[in-house]
Structure formats: structure tokens, C-alpha cells
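Let me put the structure up, and then I'll walk you through a loop residue and a couple of helix pairs.

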Amino acid sequence: KPFAELEAGPPSAPIELALPGRTLRLEPGDEGTVFEMAFDDIETLLALNRFAWLPLLGNEVDPAWVQALWTAWLDAHGAPDRSWPWHPYTAAERAVNILAFGRRHGLPGPLGRTLEALAAHGPAIAADDHGSTAPSIENAQTDPTAQPCDRCAGEIQPDGELLPAAPLLG
């Protein structure tokens, strides 16, 4: 069964995201800058980008916040690159969390943009070739230019067809 598009307006109440080492309280309107925030612990950053807070909220999650935060994430990090948000493990967990939410509530929209972004996760996950040249989590805290892998970027085919991971999406 294909995914439906989530129907949600903007958030109207605050949300608390349980992240490693920190609970992040967001007010409506904060979603535009949350993925630009700096954290003392790299695990906090990674959990935020993994949407690791989503299963913790379970049925209590406000779909409006998922829509708002997913849109903000796409705006900040929607194109695969060599940054920590596209590290293979982070990309894999994010895809699982968004897809699980999507099965229950619908995928955050616009649906086409979300499906393209999710399809790009497959090549990013498969590019787990960071090996000995990759920065460690410890180095990431002291070297803000450190990148997790040499090639984590994937692309949608020129005709707009979704990449091989697409069967998982529908």
C-alpha cells in the first residue's frame, strides 16, 4: 500500500525532544533553526538528525511537529553530502523512524520531495566506506570540519525515477 501524505498544520504547542544528554524544548516557530544548533555532545546532534526522539514519543507525538521538523531538516540537509546528518548510520535510523511514522500517520509532505529524500538515503547508507580516514566521534567534537565519510551522496535518476530503495517506500 502506498504511503499517504500527512495532513498537518503548523505546531500550536511546544514539544520536548528527548536527546542524549539534553531534552530540547521547542516552541512553535523554533523549527526553522533547530538543525543549525550547536551541541556540546556529538551524540545530541546525531540523535536530532536521526529523528531518534520520534519513537520515544510514540502515540503522543504531534504530527504537526513531525511535519515542521521534517521540512526544516529537508531545508537544512535534504541533499546528501559528507556531513554528519548523512553519515550512513544516521541516515539509516532517520529513514526507519520517518517510514515507521509514515505508516501510522502518513509521510510528511510534500510527498514527492519526501520520497526523493528517502530514496537518497539508500546510497548514503551503502556508502559506508568511511573506514580509517573518517573522523571519530571524539574528533568531531574538536574538529568541526571533520566529515564522516568520503562519499555519502546519492542522486535521484535524471528522469525523476526513485533509486532502487524505492520499493521500501510503497
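So, start with Glu 27, which sits in the loop between strand E2 (22-26) and H1. Helices here are DSSP runs of H or I with at least four residues, strands are E runs of at least two, and both are numbered from the N terminus. Before I go on, this is a predicted model, so local features need pLDDT of at least 70 and side-chain atom pairs count only at pLDDT 80 or more, while totals for chains, interfaces and linings use all residues. Residues are numbered from 1 along each chain as its sequence is written, and side-chain values use heavy atoms, with hydrogens and water left out.

The cut-offs are under 20% relative accessible area for buried and over 50% for exposed, with partly exposed in between, using a 1.4 Å probe and protein chains only. Leaving out residues up to four places away in sequence, Glu 27 touches Pro 14 and Trp 65, where contact means heavy atoms within 4.5 Å. There's also Ser 12, 15 residues away from Glu 27 in sequence and 8.4 Å away in space, C-alpha to C-alpha.

Zooming out, the protein has 6 helices and 2 strands, and along the sequence they run β-β-α-α-α-α-α-α. Of the 170 residues, 45% count as buried. If you take contacts with a separation of 6 or more, 68% of them come from residues 24 or more positions apart.

Now the helix pairs. Two packed helices are described by the angle between their axes and the distance between the axes. For us, axes are lines fitted to C-alpha atoms, for helices over the stretch in contact, and angles run from 0 to 180 degrees between N-to-C directions.

Take helix H1 (residues 42-50) and H4: their axes come within 8 Å and cross at roughly 40°. H1 and H4 are therefore oblique to each other; under 35 degrees would be roughly parallel, over 145 roughly antiparallel, 65 to 115 roughly perpendicular, and the rest is oblique. On the H1 side you have Leu 46, Asn 49 and Arg 50, meeting Tyr 89, Thr 90, Glu 93, Arg 94 and Asn 97 in H4.

What do the buried residues of H4 pack against? They pack against H1, helix H2 (53-57), H3 and H5. Among those buried residues are Ala 91, Ile 98, Leu 99 and Phe 101.

The contact uses Trp 70, Trp 73, Leu 74 and Asp 75 of H3, with Arg 113, Thr 114, Ala 117, Leu 118 and His 121 of H5. The buried residues of H5 include Thr 114, Ala 117, Leu 118 and His 121, and the buried set packs against H3 and helix H4 (88-105).

That's my tour, so over to you.
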